[in-house]
Amino acid sequence: MSGTSATAVAVAQATPKQTYEISGPLDPTNFYPRSGVLPAVKAVHHQTGSWDTIGRTRMLMLSDGGHVIETITDTDSPTYFAYELSDFQKLFGMLVASARAEWRFERLESGTRISWTYTFFGKPGRGWIVALIVGLLWGPYMTKVLPPIAREVSRQAVGPSA
């Protein structure tokens with residue numbers, strides 16, 4: 001099954017190991033706001049442990065009253081982290097069968113490049129609508145969401161201010 005992908009890139013002033021260890025456990029309610037028809041993440045329920053181990057799951061509660069379930073599928077510290085999304089509700093529930101998010105961390109002279117890729121897999125006959133949503137809404141949304149995550153990773157990597 002082919003999907004439609006979008007990628008955002010940002011740089012954190014941290015090592016790949018710091019970036020990997022800090023970014024995974026960040027609370028999504030602090031970084032995923034509502035944007036047009038895209039709902040905000042309002043709460044995290046039923047997390048099955050720290051967000052760093054294959055097989056762990058959590059339910060993200062969304063501002064439109066729906067939810068999505070995330071399941072960690074791959075970890076390769078400090079370079080790669082991936083999870084699958086399922087049980088979409090509301091608009092995405094009508095269009096999307098599943099999705100996959102991948103985070104890659106690459107050492108740069110100036111820190112770590114974070115590459116975040118989302119691939120959405122449309123339900124039969126709905127792939128073209130999903131492609132439009134990803135291209136027009138989700139891709140631009142990712143480019144707004146990732147820089148604050150990179151800044152928070154940089155802030156935590158430096159440590160508390162004196």
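Predicted model: local features only at pLDDT ≥ 70, side-chain atom pairs only at ≥ 80, totals over all residues.
Colleague: Where does Leu-136 lie, and why is Leu-136 called exposed?

Modeller: Leu-136 lies in helix H3. Its relative accessibility is 62%, and the label goes by cut-offs (buried under 20%, exposed over 50%, partly exposed in between, with a 1.4 Å probe and protein chains only). So Leu-136 counts as exposed.

Colleague: What makes the nonpolar surface patch?

Modeller: Val-37, Leu-91, Met-94, Trp-128, Leu-132, Leu-136 and Leu-137 make it, about 730 Å² in area. Patch residues have over 30% relative accessible area and no salt bridge; nonpolar side chains (Val, Leu, Ile, Met, Phe, Trp, Tyr) are joined within 5 Å, like charges within 9 Å. The areas come from the Shrake-Rupley method with a 1.4 Å probe, and for residues only the protein chains shown count as cover. Helices H2 (90-95) and H3 (127-158) each supply at least two of the patch residues, and H3 gives the most, with four.

Colleague: How do you know that Glu-21 and Lys-17 form a salt bridge?

Modeller: Their side chains come to 2.5 Å, N to O, and the rule asks for a side-chain nitrogen of Lys or Arg within 4 Å of a carboxyl oxygen of Asp or Glu. Glu-21 and Lys-17 are four residues apart in helix H1 (residues 16-23), so about one helical turn separates them. Both partners are partly exposed, Glu-21 at 43% and Lys-17 at 47%.

Colleague: How many salt bridges does that rule give?

Modeller: Eight. Another is Arg-104 with Glu-102, where the closest N and O atoms are 3.5 Å apart. Then there's Glu-152 with Arg-155, at 2.6 Å, N to O.

Colleague: Why is Glu-152 called buried, and why is Arg-155 called partly exposed?

Modeller: Glu-152 has 17% relative accessibility, so it counts as buried. Arg-155 has a relative accessible area of 48%, so it is partly exposed. Elsewhere, salt bridges that share partners join Asp-74, Glu-84, Arg-100, Glu-102 and Arg-104 into one network.

Colleague: Why is H1 called roughly perpendicular to H3?

Modeller: They pack at an angle of about 110 degrees, with their axes 9 Å apart. That makes H1 roughly perpendicular to H3, since the class runs from 65 to 115 degrees (under 35 is roughly parallel, over 145 roughly antiparallel, the rest oblique). The axes are lines fitted to C-alpha atoms, for helices over the stretch in contact, and angles run from 0 to 180 degrees between N-to-C directions.

Colleague: Why is Ile-114 called buried?

Modeller: Ile-114, in strand S7 (residues 111-122), has 0% relative accessibility and therefore counts as buried. Ile-114 and Pro-147 are 33 residues apart in sequence and 9.5 Å apart in space, C-alpha to C-alpha.

Colleague: What is the omega of the peptide bond that joins Ser-77 and Pro-78?

Modeller: Omega is about 0 degrees, and the bond is cis. Pro-78 sits in the loop between strands S4 (67-76) and S5 (80-86).

Key: Residues numbered from 1 in each chain as written. Heavy atoms only, no water.
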